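I opened this structure to take notes on a few of its parts. The entries follow the sequence and model below.

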Amino acid sequence: MNWYKKSARDLPWRHTRDPYKIWISEVMLQQTTVATVIPYWNEWIKKFPTVNDVAQAKEQEILSQWQGLGYYSRAKNIHKAAKIIVQNFEHSMPKNPNALEKLPGFGPYTVGAVLSIAFDQRVPIIDANIKRVVARILAFEDHVESRQKIKILAFLDSVMPTQGNNIFNQAMMELGALVCKKDPLCEICPVKNYCLAYKEKKQGDFPKPKIKNIKEIDAVVAILKNKEKFYLQKRPSKGLLADMWELPGGKIEPAETPLKALRRELKEELGIGVIKAHFLFKITHFYTSFRVKLHVFECETEGKLNLDKKHRWISPKDFAKYPMPAGTVKIFQKLLQT
Ligand code: SF4
């Protein structure tokens, strides 16, 4: 933030804390470069100085003002949102995230940008610049976009100060735009002492390209309970998630219903039958190259369950002694909180 105060570019929307003007700048900046946005933003604000002016304008005026920026749906959304703001929020932008995110065109980025820059609220955001900076600072290897986002947000949340939120997000973006560029200028970087990629001289390796078209797998999971204990089995010592303890279940085959898969898996894996199965919930979990949707059932079964080194009734208070895959941990977190 100190670096930003000294080095930030002097941009017209940085002279205002008016949430309407900041909103317009953020939407325009999602379209194109800063240099292109400057004249567009100046003209727009001259023509529509307040959200009221946008609400009262004809759609044609809005579109012609936007002409050249592309993605006309964004301009139409600004128009629709301005009308809602005038009608429902007494002519001023709401400060409440729940209200903002319901406005047309307000995704997580725009909501966070307006809340932090205009209202000083502590809301971290991710754009391409921030993603690049954080991926390099942490040198994280993950290719899966949704997981990258979770990690970046968790990191930002851990370093975002309690004061100065209007500057923090802008400082991170500016660092990405001016210093931590595709070819980074590490020697003048204010955070180089905290940057793992710099330390390991691997700046070019991050962020990792995202994996598209991730394979999706559906699987069933059986909750077998004996009083407060759960039946868990140990995975083989080789291969994926070796030696970890998991709930019984397995992949749903093509053309199989979850219930049919559950019956088949329990028969094949444990030699038991299902008397009753009650669907509890679904959980999605990401592995490096695939995504698995776990359909969780609480089951009443018939037949004798094996109890040996690899099959046990385990109480939640002993879970720490049994390493479990993250998907199983997620299931228990949900199960035990409800
Ligand atoms: Fe980016 Fe280099 Fe700064 Fe790390 S040290 S954040 S790679 S500019």
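Predicted model: local features only at pLDDT ≥ 70, side-chain atom pairs only at ≥ 80, totals over all residues.

I found an open sheet of 4 strands, ordered E5-E1-E7-E6, with mixed pairing. Its edges are strand E5 (249–251) and strand E6 (273–286), each of which pairs on one side only. From one strand to the next, I noted an average twist of 20 degrees.

Entry 2, the pairings. I went across the sheet pair by pair. Strand E1 (residues 215–223) runs antiparallel to E5, and 3 bridges join them. One bridge I looked up here sets Ala219 against Lys251 in E5. E1 pairs with E7 in the parallel sense, over 9 bridges. In that part of the sheet I located Ile223, which stands opposite Glu298 in E7. E6 and E7 are antiparallel and share 12 bridges. There I found His285 opposite Val292 in E7. I also noted that side chains in a regular strand alternate between the two faces of the sheet.

Which strands does helix H14 touch? I listed E1, E6 and strand E7 (290–302) as the strands touched by H14 (residues 326–337), which packs on the sheet. The direction of H14 makes about 110 degrees with that of E6.

I turned to helix H2 (residues 19–29) and helix H3 (residues 34–47), whose axes come within 10 Å. These axes cross at roughly 145 degrees, and the crossing is right-handed. From H2, the residues in the contact are Tyr20, Lys21, Ile24, Ser25, Met28 and Leu29. From H3, I wrote down Val34, Val37, Tyr40, Trp41, Trp44 and Ile45. Sorted by class, this contact has 10 nonpolar residues, 1 polar and 1 charged.

Key. Residues numbered from 1 in each chain as written. Heavy atoms only, no water. Axes fitted to C-alpha atoms, helices over the stretch in contact; angles between N-to-C directions. Left-handed = near helix turned anticlockwise from the far one by under 90°. Contact = heavy atoms within 4.5 Å. Nonpolar A, V, L, I, M, F, W, Y, C, P; charged D, E, K, R; others polar. Pairing = 2+ DSSP bridges.
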